[in-house]
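The sequence and structure are shown next.

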Amino acid sequence: MSAHHSDRHRDTHRDSPRDPLADSGLAIVDKPAGMTSHDVVAKLRRIYGTRKVGHAGTLDPMATGVLVAGIERGTKFLAHITASTKSYKATIRLGAATTTDDREGEVTFTADPEVITALDDASIDRAVADLTGDIMQRPTAVSAIKINGKRAHERVRAGEDIDIPARPVTVSRFDVVDRRRGGSHRADGFVDLNVEVDCSSGTYIRALARDLGEALGVGGHLTALRRTAVGPFTLADAQQLDDLANAQDSAHGPDLSLSLDEALARCYPVVRIRNEEADMLAMGKWLEPCGLKGVHAAVADDGRAVALVKESKHRLHTVFVARPSTLQ
């Protein structure tokens, strides 16, 4: 079983005007700073000329990097994207805490410069190690988490005191790659850490910065954040919004980053099926089991990624149908 893709170019199957999924797939965007994820979706709707655009995994306005968007029927696939791990590059400032756990919030605590001066690398490294692995993390208060139907950041900005319970997350890598003392003197009052983090979905890098600062007794917040990967999608896949917008006026139009066929094969191991079996899956029928473990992308002889399938109760059945027969 294998997966294959071509990142930027439409294949002949996708170019065919007879293919109902020619305009469906994923747009992997390198989100610029200052835009919300919703802003990106709104711009992609104009670029691709469709209302059917959604995204997988919000990025803060301050953050940049990989944002996965679904276009047309690609929106239906977003819920099935295997993004168990996300990767980030970030800068954590030790020495002050803020209301939002990043540089956009108001400062609520500033450490004594002498305490910062006394903060050594070994203490930082021990605190980082304590925040690595399977941990319980209290999400940042200014977040999109819903509490009784209302988003946490809306409650905070309305003046409410909220308490979001801690939840289990996995930080599989938390590496300090560079550290700098503020200014030319150790007593200037802060330490900046450039870090690289691999973590499970639902982990807040802002909360890591906050908790690291709290553990060291000096306060901490995020000053820069760039997402470098969402599951199998990386910055190498990402396109600039300006480039996509400029492509609107070209004869070819804006490319998708991956067709739906490519996206299924990128996210899941591939099981090859005959064209007639693909037609059966497209109609919602099941196939005879063949010993599969877990979810696979069922790809026909002609290259169509028809569905996500898994085995249970002695049959191979669909989890998600990318190409239902009703589209033909």
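## Terms and model

A residue counts as buried under 20% relative accessible area, as exposed over 50%, and as partly exposed in between. The structure is a predicted model.

## Salt bridges on partly exposed residues

Arg 180 has a relative accessibility of 34%, so it counts as partly exposed. Asp 178 is likewise partly exposed, at 34% relative accessibility. These residues form a salt bridge in which the closest N and O atoms are 3.0 Å apart. Asp 178 and Arg 180 also belong to a network of salt bridges that includes Arg 93 and Asp 192.

Side chains of opposite charge can pair when their charged atoms come close. With a salt bridge taken as a Lys or Arg side-chain nitrogen within 4 Å of an Asp or Glu carboxyl oxygen, the count comes to 21 salt bridges.

## A buried pair

Asp 19 and Arg 323 meet through their side chains in a salt bridge of 3.0 Å, N to O. Asp 19 is in the loop between α1 (12-15) and β1 (25-31), and Arg 323 is in the segment after β18, so the pair ties together parts that are 304 residues apart in sequence.

Asp 19 has a relative accessibility of 7% and therefore counts as buried. Arg 323 is buried too, at 4% relative accessibility.

## Helix α10

Helix α10 spans residues 275-282, and its buried residues are Glu 277, Ala 278, Leu 281 and Ala 282. Seen down the helix axis, the buried residues of α10 fall within an arc of 145°, so they line one face of the helix. They pack against β15 (270-273), β16 (296-300), β17 (305-312) and β18 (315-321). Just after α10, Gly 284 takes a positive phi of about 85°.

Glu 277 also takes part in a salt bridge with Arg 274, with the closest N and O atoms 3.5 Å apart. Arg 274 counts as partly exposed at 43% relative accessibility, whereas Glu 277 counts as buried at 17%.

## Annotated site

Which residue does UniProt annotate as "active site"? The unreviewed UniProt entry places this feature at Asp 60. Asp 60 is in the loop between β2 (53-56) and β3 (64-71).

The relative accessible area of Asp 60 is 23%, so this residue is partly exposed. Leaving out residues up to four places away in sequence, Asp 60 touches Lys 31, Met 35 and Arg 206.

Note on methods
Residues are numbered from 1 along each chain as its sequence is written. This is a predicted model: local features need pLDDT of at least 70, side-chain atom pairs count only at pLDDT 80 or more; totals for chains, interfaces and linings use all residues. Side-chain values use heavy atoms; hydrogens and water are left out. UniProt positions are given in the numbering used here, feature names are shortened, and annotations may be inferred rather than shown by experiment. Helices (H or I, at least four residues) and strands (E, at least two) are DSSP runs, numbered from the N terminus. Buried means under 20% relative accessible area, exposed over 50%, partly exposed in between (1.4 Å probe, protein chains only). Contact means heavy atoms within 4.5 Å. The arc is that of the directions from the helix axis to the C-beta atoms.
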